[in-house]
Amino acid sequence: MNTKFQPNIEARKDIDFGLDADFPKYWNGNDPFKTRVMDALQLSFPDGERYFISSVRAFRDRITDPKLQRDVKEFTMQEAQHGIAHTKFNDLLAAQGMPMETILNELKEYIKRDQSKYSDEFNLALTAAYEHFTALLAETFFSRKEVTVDIHPKMRALLAWHAIEEMEHRSVAFNVMKTVAKVGYIKRCTAMVIATRHTTKVMFDYADVLLKTDGYNWFQRRMMFIKNLNWMYGRKGVLSSMLPKLLMYFKPSFHPEDIPVIHNYGEWVRVYDSTGNPHEACDALLAAAY
């Protein structure tokens, strides 16, 4: 059972996850496909986080509610820390020989196109949609023990910390969008369609690039995809399990807080607050998982 409450937004700085040059190449069960799909998703985080911050801050001067002002400040600090942590991981990918400069330059250009093509209101709507997607990843990966059992402990700790903070600030961009930017239902839903399509495209396109760089040919990469269909889209797949709550976004009266935070959220916070150790906090989070 999940706990329905809105947690405090707290930026936790300078966390050391111990990611270094000795970190294993295939850190998700020694499986190239599962690893590279998640590498491809996370490599977009630093530039994505900066985009989210700029989209929300475009409306900062119009926010009059003191609580929302504070929430935006903490949201900005959390997202900045996420960008720093995932930049360090991207540096590890570059050290493995991955074409990170090319990939990240492509991502930067894509974001620039969005920022120039769309209005401030629609960029904010896209941000709110992406935030809904990433908050759901917290439940997908950390409400059940089995999902992360094969992930390297250091990466698991990084993902857990990121997931916890995504749940904490899941409502910020949405609240600015609704109460300040006054974005309507059609624009909100259109943004979710675009955000979901783009997230999926980035994940699979760049996973394919990374696997190709690893030396796998076209046929091998297609067979990896087929082999992992159940992992992604099965009854308890990492993507299919998100779908019901992803679709809740299209309900006209939807608010992110309609979806409770995961039942074990408080265990991570309790242990981290007492120890300052993200690895021990992650262990406590998973110990309380189903």
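How many salt bridges does the count come to? In this predicted model, the count comes to 18 salt bridges.

Several of these pairs were examined one by one. Arg12 and Glu10 meet through their side chains in a salt bridge, with N and O 3.8 Å apart. Arg12 has a relative accessibility of 3%, so Arg12 counts as buried. Glu10 is partly exposed, with a relative accessible area of 35%. Salt bridges that share partners also join Glu10, Arg12, Glu165 and Glu168 into one network.

Lys25 forms a salt bridge with Asp214, and their closest N and O atoms are 3.2 Å apart. This pair links distant parts of the chain. Lys25 sits in the segment before helix 1, while Asp214 belongs to helix 9, 189 residues apart. Lys25 counts as partly exposed at 33% relative accessibility. Asp214 has a relative accessibility of 17% and counts as buried, because the cut-off for buried is under 20%.

A salt bridge also connects Lys108 with Asp47, where the closest N and O atoms are 3.4 Å apart. Lys108 lies in helix 4 (residues 100–117) and Asp47 in helix 2 (residues 45–57), so the pair ties together parts that are 61 residues apart in sequence. Lys108 is partly exposed, with a relative accessible area of 35%. Asp47 is buried, with a value of 8%.

The largest nonpolar core holds 94 residues. Within this core, Leu43, Phe142, Val176 and Trp268 touch the most other members. Helix 5 gives the most to the core, with 13 residues. In soluble globular proteins, nonpolar side chains tend to be buried together.

Asn123 counts as buried because its relative accessibility is 4%, and the cut-off is under 20%. The side chain of Asn123 reaches the backbone oxygen of Asp114 at 3.5 Å. Leaving aside neighbours within four places in sequence, Asn123 is in contact with Tyr51, Ser55, Asp114, Gln115 and Tyr118.

The surface has nonpolar residues as well. Trp218, Phe219, Met223, Ile226, Leu229 and Tyr233 make a nonpolar patch of about 640 Å². Helix 10 (218–227) and helix 11 (229–233) each supply at least two of its residues. Helix 10 gives the largest share, 4 residues. Ile226 is found in helix 10. Ile226 counts as partly exposed, with 47% relative accessibility.

Backbone angles were also examined. Asn30 is not a glycine, yet Asn30 has a positive phi of about 55 degrees. Asn30 lies in the segment before helix 1 (32–43). Lys182 is not a glycine either, and its phi is positive, at about 60 degrees. Lys182 lies in the loop between helix 8 (172–179) and helix 9. Asn30 is exposed, with a relative accessible area of 60%. Lys182 is exposed, also with a relative accessible area of 60%.

Helix 9 covers residues 185–214 and contains Thr200. Thr200 is partly exposed at 26% relative accessible area. Thr200 and Leu239 are 39 residues apart in sequence, and their C-alpha atoms are 9.7 Å apart in space.

Conventions: Residues are numbered from 1 along each chain as its sequence is written. This is a predicted model: local features need pLDDT of at least 70, side-chain atom pairs count only at pLDDT 80 or more; totals for chains, interfaces and linings use all residues. Side-chain values use heavy atoms; hydrogens and water are left out. Buried means under 20% relative accessible area, exposed over 50%, partly exposed in between (1.4 Å probe, protein chains only). A polar contact is a pair of N or O atoms within 3.5 Å; within protein, one must be able to donate a hydrogen and the other to accept it, and residues adjacent in sequence count only if both atoms are side-chain atoms. Contact means heavy atoms within 4.5 Å. Patches are made of residues with over 30% relative accessible area and no salt bridge: like charges are joined within 9 Å, nonpolar side chains (Val, Leu, Ile, Met, Phe, Trp, Tyr) within 5 Å. Accessible areas come from the Shrake-Rupley method with a 1.4 Å probe; for residues, only the protein chains shown count as cover. A salt bridge is a side-chain nitrogen of Lys or Arg within 4 Å of a carboxyl oxygen of Asp or Glu. A nonpolar core is a set of buried Ala, Val, Leu, Ile, Met, Phe, Trp, Tyr and Cys residues joined through side-chain atoms within 4.5 Å.
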